[in-house]
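Subject: Structure handover

Hello,

Here is the structure I promised you. My notes follow below it.

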Amino acid sequence: MKILFFADNFPPEVNAAASRVYERAVLWVKDGHEVTVITSAPNFPQGAVYAGYRNRVRQVQTIDGIRVVRVWTFIAANEGVVRRLVDFLSYMVTSFVFAFGEKRPDIVTATSPQFFCAVGAWAHARLRGLPFVFELGDLWPASIMAVGAMRKSVMIRLFEKLELFMYRHSDRIVALTRDFKRDLISRGIAAHKIDVVRNGVDLSRYAPRPRDGAKVAALGLEGKFVLGYLGTHGAAHALSNIFDAAAILKDRVPQVHFLFVGDGAERKQLLARLETEKLPNVTMIGPRPKTEMPSWWSLLDMSLISLKKQALFSGVIPSKIFEAMGMGIPLLFVGPSGEGSEILVEEDCGILVPPEDPQALAKAAEMLLADPARVVELRRNSREAAGRHSRAAQAAGMIAVYQSVLSR
């Protein structure tokens with residue numbers, strides 16, 4: 001099968017969408033499929049092109065058998081609204097245009113949350129008379145309103161009309177969660193055209209390993225009970241709540257240490273707070289290459305999954321859940337009850353904490369520190385659960401959808 005995939009983010013970027021697209025594509029290539037990814041120069045989330053790359057009109061490279069076509073975009077940091085919209089729209093236009101230079105695929109697909117990515121891919125597919133599959137990674141524009149980036153307005157209503165148009169005119173929709181599917185059905189999208197293929201983890205990359213001794217020594221983590229947040233520091237994640245819990249625990253339980261690794265729109269604000277409050281139990285590390293991430297995961301006793309107290313986020317399943325499982329690390333889920341928290345309950349691999357409640361988070365950290373046997377049990381359950389949520393299973397699920405669309 002020849003697959004043409006539109007994805008605004010791709011390695012060396014390390015956000016969830018980039019990892020998802022890349023790790024599945026590698027598996028597809030190994031199975032004999034031809035994969036071309038139309039993407040941009042790597043710049044997320046800082047809005048600065050990575051070393052070794054340039055924001056050229058068009059450049060082509062091969063990564064692990066995947067043909068990667070990078071097109072020019074207006075680059076902006078992952079903050080603010082107007083500049084980000086211009087960034088999204090520029091990618092929509094240039095990806096649509098330069099995809100015509102690629103040989104005719106069997107199927108065209110695109111992933112969100114960068115919604116305009118899907119618009120460009122859909123238009124390209126229609127002009128070439130090709131089937132289009134829309135992978136739904138986020139409910140947009142509802143998600144940008146949920147984090148307060150935009151309010152209900154004429155522009156939002158126009159985006160909502162575009163959103164429904166895309167759902168109705170895609171040949172098939174692949175939702176990452178069951179809640180996403182239920183939301184679409186409630187808005188009149190036919191259930192038969194929506195498949196659910198949950199996220200997963202690359203078990204060849206994420207596997208249990210001893211703590212990285214050099215990092216432990218360098219960061220002064222000897223004897224610490226480390227709670228770690230690894231990933232995008234975005235407005236959806238309510239990370240200030242974790243800082244509030246750290247402030248509560250800094251003198252009361254100094255053994256508990258909070259580690260942050262990553263970047264995003266909220267990082268500057270968090271760094272400023274760290275400087276002001278002088279929290280000795282918080283360490284913040286900037287974004288690290290994907291190849292390094294397992295060694296950072298190895299430092300954690302518990303992985304923090306954090307989401308805002310918003311009903312919309314009850315249907316989100318953060319990819320960090322599956323990466324933690326692969327590493328055999330139990331989870332501390334701080335967010336609204338929903339599909340993500342249900343996985344932890346089903347697998348008995350973590351502890352649930354109400355969102356934006358620092359006292360509850362501090363209490364949970366103290367409880368876990370005092371019960372190492374329970375932590376060991378959660379760790380074992382987390383690793384056992386990983387095989388049921390593998391990237392290979394997700395890759396196979398997507399191919400099954402593509403084959404179904406092509407057979408029609």
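Contact here means heavy atoms within 4.5 Å. Please keep in mind that this is a predicted model.

**Two residues and their surroundings**

Start with D87, in helix α2 (residues 82-98). Its relative accessibility is 3%, so D87 counts as buried. Neighbours within four places in sequence aside, D87 is in contact with T73, F74, I75 and A76.

F132 sits in strand β6. With 0% relative accessibility, F132 is also classed as buried. Residues up to four places away in sequence are again not counted: F132 touches V108, T109, A110, A118, A121, W122, A125, R126, M166, S170, D171 and R172. The C-alpha atoms of F132 and I173 are separated by 8.9 Å, and the two residues are 41 apart along the chain.

T109 has V133 in β6 as its bridge partner.

Now the β11 end. Strand β10 (residues 256-261) pairs with β11 in the parallel sense, over four bridges. V261 is opposite I285 in β11. Together with helix α9 (residues 267-277), β10 and β11 make a right-handed β-α-β unit.

Side chains in a regular strand alternate between the two faces of the sheet. Which residues of strand β11 are buried on one side, and which on the other? V282 and M284 are buried on one side, T283 and I285 on the other. Both faces of β11 (residues 282-285) are therefore covered, given that buried means under 20% relative accessible area.

At the β14 end, four bridges join β13 (residues 331-334) to β14, and the two strands run parallel. L331 has G350 in β14 as its bridge partner.

**Aromatic pairs**

How many aromatic pairs does a search of the whole structure find? The search gives eleven. One of them is W28 with Y402: edge-to-face, 5.7 Å centre to centre, 65° between the planes. W28 belongs to helix α1 (residues 16-30) and Y402 to helix α15 (residues 391-407), so the pair ties together parts 374 residues apart in sequence. Both W28 and Y402 are buried.

There is also a cluster: ring pairs link F115, F132, F134 and Y167.

**Cysteines**

The structure holds zero disulfides. C117 is buried, at 0% relative accessibility. C349 is buried too, with a relative accessible area of 0%.

**Backbone details to check in the viewer**

Most residues other than glycine have a negative phi, and most peptide bonds are trans. These places depart from that pattern.

- P11 to P12: a cis peptide bond, with omega near 15°. P12 is in the loop between β1 (2-6) and α1.
- F44 to P45: a cis peptide bond, with omega near 0°. P45 lies in the loop between β2 (34-40) and β3.
- D64: a positive phi of about 50°, though not a glycine. D64 is in the loop between β3 and β4 (66-71), and is partly exposed at 48% relative accessibility.
- A238: a positive phi, near 50°, in a residue other than glycine. A238 is in the loop between β9 and α8, and counts as buried at 12% relative accessibility.

Best wishes

Definitions and conventions. Residues are numbered from 1 along each chain as its sequence is written. This is a predicted model: local features need pLDDT of at least 70, side-chain atom pairs count only at pLDDT 80 or more; totals for chains, interfaces and linings use all residues. Side-chain values use heavy atoms; hydrogens and water are left out. A disulfide is a pair of cysteine sulfur atoms within 2.5 Å. Buried means under 20% relative accessible area, exposed over 50%, partly exposed in between (1.4 Å probe, protein chains only). Two strands pair if DSSP finds at least two bridges between them. A crossover is right-handed if, with the strands pointing away from the viewer, the path from the first strand over the helix to the second runs clockwise. Rings of Phe, Tyr and Trp (its six-membered ring) pair if their centres lie within 6.5 Å; planes under 30 degrees apart count as stacked, over 60 as edge-to-face and the rest as tilted.
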